[in-house]
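Work through the exercises below with the sequence and the model at hand. Each task is followed by a stepwise solution.

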Amino acid sequence: MRVAGAAKLVVAVAVFLLTFYVISQVFEIKMDASLGNLFARSALDTAARSTKPPRYKCGISKACPEKHFAFKMASGAANVVGPKICLEDNVCSVTTCASWSPNGTAERTFSSCLMSGVKNNVGRGINVALANGKTGEVLDTKYFDMWGGDVAPFIEFLKAIQDGTIVLMGTYDDGATKLNDEARRLIAELGSTSITNLGFRDNWVFCGGKGIKTKSPFEQHIKNNKDTNKYEGWPEVVEMEGCIPQKQD
């Protein structure tokens, strides 16, 4: 009886050890697989983060060099969507403008908009933003109705702009009907080339400065032409981005 009992004990111990061995092997395999999956996911996440394109100020396509201010702007779309102006994320109000699609097919996204329909500070006519040419600090934003308004306040505004001021302009609906020769001359002195040809319902964006010695390279203009208009009665939106040199003493 004692021999039989001892044999049973040996068998029980052997079964226990075998079971423990099998369980430990299975658990180790599962642990290895889980750790492998964890490290694989971590590597994929790291790779995804490293391939994500960098985000530059105002959402422009590349970073500006030192001592330059980033800007991005778009004219209005017909008489439905107002223009948008962005200048240097860190000096503009931190408001994200919604993506917009005037005809349901294209989107343009602006970050930290200085002027936009979302901020409710744009209107029919010519929309203007002024900034300090040395610091990029926003000085003023206004719009002037060039269809049903008076050009006189716009002329006084243009005359009051101080030397060294960055000037950004964009049209919405119609920015030309009430413009006269004096207003066009004052805008031309800011560096505009196209202002002399700006007509009824043309789309136009411009970035220049008071005291500029040459014509500005930052200007886009598209004529209102019934044969080529994207919208009924209006041409397509014009958009522009770039880097404005900081004014030096």
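**Exercise 1: a serine in a loop**

Ser 216 is buried (under 20% relative accessible area, with exposed over 50% and partly exposed in between; 1.4 Å probe, protein chains only), because its relative accessible area is 10%. The model is predicted: local features need pLDDT of at least 70, side-chain atom pairs count only at pLDDT 80 or more, and totals for chains, interfaces and linings use all residues. Residues are numbered from 1 along each chain as its sequence is written, and side-chain values use heavy atoms, with hydrogens and water left out.

Task: Find where Ser 216 lies and which residues it touches.

Step 1. Ser 216 sits in the loop between β6 (203–209) and β7 (218–222); strands are DSSP runs of E of at least two residues, helices runs of H or I of at least four, numbered from the N terminus.

Step 2. Leaving out residues up to four places away in sequence, Ser 216 touches Gly 191, Phe 206, Cys 207 and Gly 208, where contact means heavy atoms within 4.5 Å.

Step 3. The Ser 216 side chain reaches the backbone oxygen of Cys 207 at 2.5 Å.

**Exercise 2: the buried side of α2**

Task: Which residues of α2 are buried, and what covers them?

Step 1. The buried residues of α2 are Val 151, Phe 154, Ile 155, Phe 157 and Leu 158.

Step 2. Viewed down the axis of α2, these buried residues fall within an arc of 160 degrees, so they line one face of the helix. The arc is that of the directions from the helix axis to the C-beta atoms.

Step 3. The cover over the buried residues of α2 includes β3, β4 (138–144), β5 and α3.

Step 4. At the N-terminal end, Asp 150 caps α2, with a side-chain oxygen 3.0 Å from the backbone nitrogen of Ala 152.

Methods. Polar contact = N/O pair within 3.5 Å; in protein donor to acceptor, adjacent residues only side chain to side chain.
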